[in-house]
Amino acid sequence: MVGRPSGYSRRTGRQSGRAMTTGDASVDRCVEEFCEQGCGSVRGYIRALREGQPLPQFEGLDAAQRRLLQRELEAIMGVYDEPPGDT
């Protein structure tokens, strides 16, 4: 998939129409920024988080925030990685 995960918006939420946030403004900013870079980039960030790579984009996030960021990105990408018909 090229571009931003289609249909994903932090303002409207993924499905409910309500704003979807993690409750952490720093993590929410990262999610918004990363999703705007497209699916390939998001997958790369997830991989880096899983492997504990210290990317500049994660600077200022503590370990708990990085785990929260990873979970949120995985949840978002899970929607796009499901086989057709499984939604």
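Which residue just after α1 takes a positive phi? Keep that in mind while you move through this predicted model, and begin with the whole protein chain in view.

Coloured by secondary structure, the protein chain shows three helices and zero strands, which follow one another along the sequence in the pattern α-α-α. Of its 87 residues, 32% count as buried, and the accessible surface comes to about 5,400 Å², of which 48% belongs to carbon and sulfur atoms. Among the contacts with a separation of 6 or more, 61% are accounted for by residues 24 or more positions apart.

Next, select residues 25-36, which form helix α1. With twelve residues at 1.5 Å a residue, this helix should span 16 Å, and its end C-alpha atoms lie 17 Å apart, which agrees. At the start of α1, show the side chain of aspartate 24, one of whose oxygens reaches to within 3.0 Å of the backbone nitrogen of serine 26.

Within α1, now select Val27, Asp28, Cys30, Val31, Phe34 and Cys35, which are buried. Turn the view until you look down the axis of α1: the buried residues fall within an arc of 160°, so they line one face of the helix. An α-helix has 3.6 residues a turn, so residues three or four places apart point the same way.

Finally, go to the residue just after α1, where glycine 38 takes a positive phi of about 105°.

Key:
Residues are numbered from 1 along each chain as its sequence is written. This is a predicted model: local features need pLDDT of at least 70, side-chain atom pairs count only at pLDDT 80 or more; totals for chains, interfaces and linings use all residues. Side-chain values use heavy atoms; hydrogens and water are left out. Helices (H or I, at least four residues) and strands (E, at least two) are DSSP runs, numbered from the N terminus. The expected span of a helix is 1.5 Å times one less than its number of residues. Buried means under 20% relative accessible area, exposed over 50%, partly exposed in between (1.4 Å probe, protein chains only). The arc is that of the directions from the helix axis to the C-beta atoms. A polar contact is a pair of N or O atoms within 3.5 Å; within protein, one must be able to donate a hydrogen and the other to accept it, and residues adjacent in sequence count only if both atoms are side-chain atoms. Contact means heavy atoms within 4.5 Å. Accessible areas come from the Shrake-Rupley method with a 1.4 Å probe; for residues, only the protein chains shown count as cover.
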